[in-house]
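Okay, thanks for coming, everyone. Let me put the model up and we'll walk through a few spots together.

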Amino acid sequence: MDSPLAVTTARPGSALLIRDLLHRARRWAPLETVTYRNLRTLTYAELLARMERLGGLLRDLGVKPGDRVGVLDWDSHRYLELFFAVPMTGAAIHTVNVRLTPEQMAWTIRHANDTVLFVHVDFLPLVRACRDAMPAVRKVVVISDDDVAPAVEDTDGDYESGVANARPVESWPDFDENTVATVFYTTGTTGNPKGVYFSHRQIVLHTLTAGMGLAMYDDPLSLRATDVYMPLTPMFHVHAWGLPFLATALGMRQVYPGKYEPTMLLELLERHRITFSHCVPTILQMLLHHPASKTVNWSRLKLVIGGAALSPGVAREANDHGIRILGGYGMSETCPIIAIAHVKPLDVDADAETKLGTYTRTGFPMPLVEVAIHDANGVELEPGKDHIGELVVRAPWLTAGYLDDPQASENLWRGGWLHTGDIAYLDDDGYIRITDRLKDVIKIGGEWISSLEIEAVLGKHPGVREVAVVGVPDAKWDERPHAEVVLRDDAVGTVTERDLQKHLRVSIDDGSIHKRAILTTIVIAAALPKTSVGKIDKKVLRARLAGG
Ligand code: AMP
């Protein structure tokens, strides 16, 4: 028998469960608010009471522990309520990626085995059209912004009346902290989307560590509980980076913007004096270049950028607007935050330019995160710029695998490390420096060259707004780089492809970039294809180029 001194006894409250993130908010911030667009403001007291009635509604809908509940909504207070209430019943919330094609979306709902769906009216036609392809779905609850939701055939009532009329849960059930709380799908380069999943324990640990990672530094970029939070990465994508869980646990004032419409986002940023948000670089650029951008006082905003490299050009532009900008790194499989690019205490007095250099490093691993760089044989490489390999990770909150896909899961976790598919090195100060995606590296005549390096150089040209570099087949070199560039409005018609070639040439001549970058073809384009979460979609670009 185990000695009682060797293993502690589990007592009530000792498991790490999502419901425990609410205890403090309940008492600390009952009158603090959560706002949805210009449509609705709830106090935390109201929000938490609604979650309890939502628990009752889920019970009435027959949701049982272990079930999966799909949500198709824009970012809203309802989504936040579902973020908490669904897992707190012991079921898992499937945050459906509403930007997939209808077939892919139906495929994910079938694959996740969702039994109940909460569907915003905007997505009802799609759900109706695909209903036969989702045989496990028993109930569909309609979400609408109207006070009185439209009656819709073949559905099971609307969210607002369901929440208003349900008998609240008296207490949330106890269960194992390893119970799956969330599921969502990530789109790979080939094949069907892959499902990743996270437990209560993982969400709680990610929330606590993200709080430490974002808030503990004596730095004007640090998150404060007095900040006003609004997500700018959708809630269906890696739980909006997990930050709604953190903001709620801290009882912060929060604003949810609904569908991402630039004018509405800008209006909400200004009206609610948002001080803390996060997004991918393309969303930031879209907002900064919008005509209504001038109406926003950007200088109060602290913004975490992740999901793609934060280029020095974008960081400088954000800085010029007064935004305090910070890089972060993670992926769907990692819940997502792994690393944040804070400056070390020794450097806090460095000049602005040096600090900007740090903020655009990929990031420093957060507490509890172990990282290594492996070569193609799984051998660990030393730190240093010359030791580039695949970034592998261990942390308590990484997905255990891909849902119902043992082979892909095995591959993700080969050798006992989660393989990120990102090419990186660890710099001399211990920061992760991503140089490329495994699949984005361009192999020219047997030598690897980083598409990100060429992008960074072209992105520094003052006329360039966006740039993507991909490898294209080449008879002589196997592959060579091809750049597609979108110009800033004031550069259209004045900056030419030749100017950009000349600009690239300078960096090749001074040795700051691989000499074979000279083989890059450059094309000025009107726009670049984007993924469902607004990142530049190199997969589509490659396919387009392959098609001639
Ligand atoms: P997703 O799973 O869609 O969130 O995409 C994750 C991928 O985005 C990572 O594997 C990286 O390739 C890329 N990514 C995320 N953050 C960064 C970053 N700070 N720098 C460069 N690439 C990044």
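Predicted model: local features only at pLDDT ≥ 70, side-chain atom pairs only at ≥ 80, totals over all residues.

Let's start at the ligand: one of its nitrogen atoms sits 2.8 Å from a backbone N or O atom of Gly328, which is a polar contact, meaning a pair of N or O atoms within 3.5 Å. A polar backbone atom of Gly307 is 3.1 Å from a ligand nitrogen, and the side chain of Asp422 puts an N or O atom 2.6 Å from a ligand oxygen. On its own the ligand has 490 Å² of accessible area, and the protein covers 87% of that; these areas are Shrake-Rupley with a 1.4 Å probe.

Numbering runs from 1 along each chain as its sequence is written, and side-chain values use heavy atoms, with hydrogens and water left out.

Now, helix α3, residues 77–88; helices here are DSSP runs of H or I, at least four residues. How many of its residues are buried? 12 of 12, with buried meaning under 20% relative accessible area, exposed over 50%, and partly exposed in between. At its N-terminal end, Ser76 is the cap, with a side-chain oxygen 3.2 Å from the backbone nitrogen of Arg78. Just past α3, Gly90 has a positive phi of about 100°.

Last stop, Met212 in helix α7, residues 200–215. Met212 counts as partly exposed because its relative accessibility is 39%.

Note on methods:
Helix = DSSP H or I, 4+ residues; strand = E, 2+ residues; numbered from the N terminus. Buried < 20%, exposed > 50% of the residue type's maximum accessible area, 1.4 Å probe, protein only. Expected span 1.5 Å × (residues − 1). Polar contact = N/O pair within 3.5 Å; in protein donor to acceptor, adjacent residues only side chain to side chain.
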